[in-house]
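I record each item in the order in which I consulted it.

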Amino acid sequence: MNIVILGAGQAAASLAAKLRALGHEGGIAVIGDEPAPPYQRPPLSKAYLLGQMGLDRLTLRAPDWWDEQRIALHLGERATRIDRDRRVVITERGEHAYDQLALTLGAAPRRLPAAMGGDLPGVHVVRNLADIAGVQPALVAGRRLVVIGGGYIGLEAAAVARKLGLEVTLVEAAPRILGRVAAPETAEMIRTLHRAHGVEIVEGTGIARITGSTAADGVELTDGRRLPADLVICGIGIAPETALAAAAGLVVDNGIATDAFGRTSDPAIWAAGDCASFPAPDLCAAGGRLRLESVGNAIDMAEAVAANMLGADTAYVPKPWFWSDQFDAKLQIAGLNLGYDRVVTRPADHGGSVWYYRAGRLIAVDALNDARAYMVGKRLIEAGRSPAPEAVIAAAELKALMA
């Protein structure tokens, strides 16, 4: 059986490795449009952007590993079409026949439209190696950076820029930072952290346009203010890569829609990682589908899909976890807080933890500089155990909650 994996990121590397580990002896080809072999993305906006991590440490597998595993890497090769009738992937260089196809296409950063100055020189996103190569030379001490977007990518970029000595203003159109992904209590801890390091945060104010004729020189806000800027970083989210799947007639629903096993609407085609949505009735407040943007999901779902491609017939059960490094602080997140109706907090040195409940059930924990709260919360959630919110507040030692 010949398996083709389209997309060459974390999910692709995990899927290919798992296929071989499970004993698949047939052909495996990985096709990616970037010139680099599969690499980690999270450090791009953290250690790699700071210059503290080289490409050798970013790369997921040594070059000879792919040869040893008899996995063909087709890098710098852009796919243009999937011919489902012939079971062929068409690229700019030729055709790749498959018996089964896995789509691990990831996601692309959202950009401001050209009419708002989104394509001006000096406007950057942070998603891949080429993006970092474009922005890194501009991160010079004393320059003025405006970050658009108060999610994790925007906040991480702001932290790196401040560490490098830039003047940083972060603008969030929503009423507060982390509005989509965290409780106000977590946002307040992160806001305090950034302001203590000299980041100016503007919330509840939209972007009218990025100004400049030949290059970005400022950001005009919807309240009429203009922020001067030597460069702009947009961290306004990502969108799943679904164009190839949609053009091939596959069902798309907040990503490439899969069943519980990772199979798309074509039984010969599978999907995993940031590009894929799957049924998750236990995690969603009202049931329905979920798409997770995380390394953990990319690895776990890809490995589940690999097993199912080989006949395991086992539903994927996600165990969500995330992290974000900002300045000298680490935010660790266990579970998903979708539909929470109550939070309780516990203080800790230089941070604390936020515990999310839905209908009396513990569903997520945010822990800032509090690894113990993260580990205890993660274990409780994965075990399906829910200590009473009052017990979380009152516990002298968190490990007592495990008893």
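The model I am reading is predicted.

Entry 1, the parallel sheet.
I looked up the strand order and found an open sheet of five strands, S9-S16-S10-S11-S12, with parallel pairing. Its edge strands are S9 (123-124) and S12 (200-203), each of which pairs on one side only. I then followed S9 to its partner: two bridges join S9 to S16 (residues 231-234), and the two run parallel. Within this pair, I noted Val232 of S16 as the bridge partner of Val123. I also checked helix H6 (residues 152-163), which lies across S10 (144-148), S11 (167-172) and S16. The helix runs at about 170 degrees to S11.

I located Arg176 in the loop between S11 and helix H7 (184-196). I did find that the Arg176 side chain reaches the backbone oxygen of Leu178 at 3.2 Å. Leaving aside neighbours within four places in sequence, I listed its contacts as Ala182, Ala183, Pro184, Ala187, Arg191 and Glu203.

I turned to S4 (residues 79-83) and S5 (residues 88-91), which pair in the antiparallel sense over four bridges. Among the partners, I noted Arg81 with Ile90 in S5. The hairpin has four residues between the strands, and Arg87 takes a positive phi near 55 degrees. I placed Arg84 in the loop between S4 and S5. Is Arg84 buried, partly exposed or exposed? I recorded Arg84 as partly exposed because its relative accessibility is 28%. Its side chain reaches the backbone oxygen of Ala248 at 2.9 Å. Not counting residues up to four places away in sequence, I found that Arg84 touches Tyr98, Ala248, Gly249, Leu250, Asp266 and Ile269. I also noted that the C-alpha atoms of Arg84 and Thr59, 25 residues apart along the chain, are separated by 32 Å.

I found Ser213 in the loop between S13 (207-211) and S14 (218-221). From C-alpha to C-alpha, I read 47 Å between Ser213 and Ala97, which are 116 residues apart in sequence.

Terms used: Residues numbered from 1 in each chain as written. Predicted model: local features only at pLDDT ≥ 70, side-chain atom pairs only at ≥ 80, totals over all residues. Heavy atoms only, no water. Pairing = 2+ DSSP bridges. Contact = heavy atoms within 4.5 Å. Axes fitted to C-alpha atoms, helices over the stretch in contact; angles between N-to-C directions. Polar contact = N/O pair within 3.5 Å; in protein donor to acceptor, adjacent residues only side chain to side chain. Buried < 20%, exposed > 50% of the residue type's maximum accessible area, 1.4 Å probe, protein only.
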